[in-house]
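Please look through the sequence and the model below before reading on.

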Amino acid sequence: MQVPLIQLQCGKVGQESAAAKYAAATESANFSIENEKPYAELWMGTHPSLPSKDVETQRSLLDLVQDNKALMSTEISRKYGEKLPFLFKVLSIRKALSIQAHPNKKLAEQLHAKDPKNYPDDNHKPEMTIAVTPFDGLCGFRPLKEISHFLATVPSLRKLIGEEAAKQFEQGVHGRETSSNAEDSERNKKSLQAAFSALMTQDKSAIAAAAKDLVASAEKDGEDFAGGGGPSNGGKELADLVVRLNGQFEGDVGLFVLFFLNYVKLEVGEAMFLKADDIHAYLSGDIIECMASSDNVVRAGFTPKFQDIPTLTSMLTYSYAPISEQKMTPVAYPYVTLNRTAYSSSSSAILYDPPIEEFSVVKTELKGKEAKATFEAIEGPSIIICTAGSGTISVGPKSKPVKAGYVFFIGATAECILESDSEYFTTFKAFCELSGKETANGVH
């Protein structure tokens, strides 16, 4: 399957970009990597902005699934308007992506009706991120005690927000930062919203002046920066992060947002899930990303693009928690059979299963030649991308070679077999099934 590639300034440059290397692997794509250009995103799916294409016929995947509803299953086709319910991506991030959130379904409908240029569809966009290389990002609001710590130890942050707003936050959450009482939690969220909104609505000249003080402190204080850091991040780590991000977006409000958000690092294979209305900013790394099929983004920092600060500050959940609560723990995928070679080499198929129905992802690692994984047929569509090694994919009588960057669509009710012809053969499969297990036509 031929997949579209997006060139953005935040992407990794040339051959460093996994998204670019995977795109270039499809010979009929007529694409060659230019070493000085950044490449950020590879899209796999039916989103009308950039639908994937059948390599042989050049028909869009959107056309194929609309012409033959059995490819997705009648149930899924009916429920999701004859489009894939998920959008599968590879992101290669060199420079910070915008501070952003994705609207829930109701808000997406309102934003699209009011401003279709900036909000191109009416769908929500919960998303899951799986690290292919080491990754770092800002995701979700920190525990409240950490935010209070930074308000007390980062003078430029406190000055920018304002003494009154800082005190109101501290007094509003004091003594109930970790309370599980619903009333306390709602009170805390209102206090957090007020403090965060006070930051985000500051004048740009005030932000730029405060940023100079912040960066000077980061460069000078080292381990002692931000009171030595919070429990989650050391002072030197935060100081280095401030200097690095200022080099990308000088004087940006995002330099202060990082004291409100969890700074997370993912190792290869680690994953996290972000609900609609959760704030985040991806900073660097190559990731597999799966999301509900939408391109709606509400931005408010680290970007020259359209920013909608009033919408962002009013839409967020203001949930606060350590990053461990957003990280996902994959489990063994039960609906696959490994042959003896795969089993004896400790090959694996693991499932990343977020708490929504639009998508799940299986990562399969086959170790050694002739290692084989047979996936039971499911009542829904799948997209598979190979990220390392080589082998074959078989669906019914049809068998095709696979190497890093090749992408395949698998129709509903089709058994799929992956077999390795290299030492390591790694694939990711995004799928949707609304009822039953992954139950028991074709490869495009």
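## The open sheet

How many strands form the open sheet, and in what order? Six strands form it, in the order 14-16-17-24-19-22, and their pairing is antiparallel. Strands are DSSP runs of E with at least two residues, numbered from the N terminus, and two of them pair if DSSP finds at least two bridges between them. This is a predicted model, in which local features need pLDDT of at least 70 and side-chain atom pairs count only at pLDDT 80 or more, while totals for chains, interfaces and linings use all residues. Residues are numbered from 1 along each chain as its sequence is written, and side-chain values use heavy atoms, with hydrogens and water left out.

The edges are strand 14 (331-332) and strand 22 (407-410), each of which pairs on one side only. Strand 14 is joined to strand 16 (residues 348-352) by two bridges, and these strands run antiparallel; Val331 has Leu351 of strand 16 as its bridge partner.

## Helix 1

Helix 1 (residues 18-25) is largely enclosed by the rest of the structure, because six of its eight residues are buried, that is, under 20% relative accessible area with a 1.4 Å probe and protein chains only. The buried residues are Ala18, Ala19, Ala20, Tyr22, Ala23 and Ala25. At the N-terminal end, Ser17 caps helix 1, with a side-chain oxygen 3.3 Å from the backbone nitrogen of Ala19.

Technical notes: Helix = DSSP H or I, 4+ residues; strand = E, 2+ residues; numbered from the N terminus. Buried < 20%, exposed > 50% of the residue type's maximum accessible area, 1.4 Å probe, protein only. Polar contact = N/O pair within 3.5 Å; in protein donor to acceptor, adjacent residues only side chain to side chain.
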